[in-house]
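Let's take a walk through this fold together, going from strand pairing to a single side chain. Have the model open beside you as you read.

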Amino acid sequence: MADAAHDLARRLGRQAEAVCRHYLSAGRRQGHYWQVGDVRNTPGRSMFVRLRDSAKGPAGKWTDAATGEHGDLLDLIRESRGLSSFSEVVAEAEMFLRIPRSVHEAQAPLCKTENSSRDPVISARRLFAAAQSIPGTIV
């Protein structure tokens with residue numbers, strides 16, 4: 001499950017500038033970074049999103065110098081849209097990437113199935129994957 005989330009974040013990273021233009025429209029490109037006030041799309045200059053892979057890290061990683069918040073593009077989507085569940089974030093990311101829901105679920109299901117809520121291993125994996133996407137969470 002965490003692998004599927006990582007894959008989704010990588011796919012978003014390949015389109016980092018398009019993601020930023022869509023979710024952080026108050027910002028603008030500055031060299032190899034997208035610059036905006038914060039992850040909630042406030043105008044300003046304290047948050048930077050890496051637009052290309054570099055020696056410093058992969059495309060899509062972001063840091064807000066004013067707050068210390070940081071994360072990937074899945075975190076950015078969650079915060080900018082005010083989403084509360086990981087499955088909502090996945091659905092929004094898939095919609096942005098135009099990934100048909102049935103295709104992605106066939107590769108690696110991320111959403112709750114009928115019996116998964118009763119399976120402690122699946123529940124633990126889902127909780128771990130969700131925690132990985134929350135900035136500042138230590139797992």
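Predicted model: local features only at pLDDT ≥ 70, side-chain atom pairs only at ≥ 80, totals over all residues.

Phe48 has Thr63 as its bridge partner in S4. Now look towards S2: S2 and S3 pair in the antiparallel sense over four bridges, and here Trp34 has Val49 as its partner in S3.

Step back and you can see the whole sheet. It is open, with five antiparallel strands in the order S1-S2-S3-S4-S5. Strand S1 (28–30) and strand S5 (70–71) are the edges, each pairing on one side only. Helix H3 (residues 73–81) packs on this sheet and touches S3, S4 and S5, its direction making about 135° with that of S3. Helix H2 (residues 16–23), for its part, lies across S1, S2 and S3 and runs at about 15° to S2.

Next, follow the chain into the loop between strand S2 (33–36) and strand S3 (47–50), where you will find Asp38. Which side chain of opposite charge is nearest to Asp38? It is Arg40, 4.8 Å away. A salt bridge would need the charged atoms within 4 Å, so Asp38 is buried yet has none. What does the side chain of Asp38 reach instead? It comes to 2.9 Å from the backbone nitrogen of Arg40, and it joins the side chain of Thr42 in a polar contact of 3.0 Å. Beyond its neighbours within four places in sequence, Asp38 is in contact with Leu24, Met47 and Asp64.

Terms used:
Residues numbered from 1 in each chain as written. Heavy atoms only, no water. Helix = DSSP H or I, 4+ residues; strand = E, 2+ residues; numbered from the N terminus. Buried < 20%, exposed > 50% of the residue type's maximum accessible area, 1.4 Å probe, protein only. Lys, Arg positive; Asp, Glu negative; His and termini not counted. Polar contact = N/O pair within 3.5 Å; in protein donor to acceptor, adjacent residues only side chain to side chain. Contact = heavy atoms within 4.5 Å. Pairing = 2+ DSSP bridges. Axes fitted to C-alpha atoms, helices over the stretch in contact; angles between N-to-C directions.
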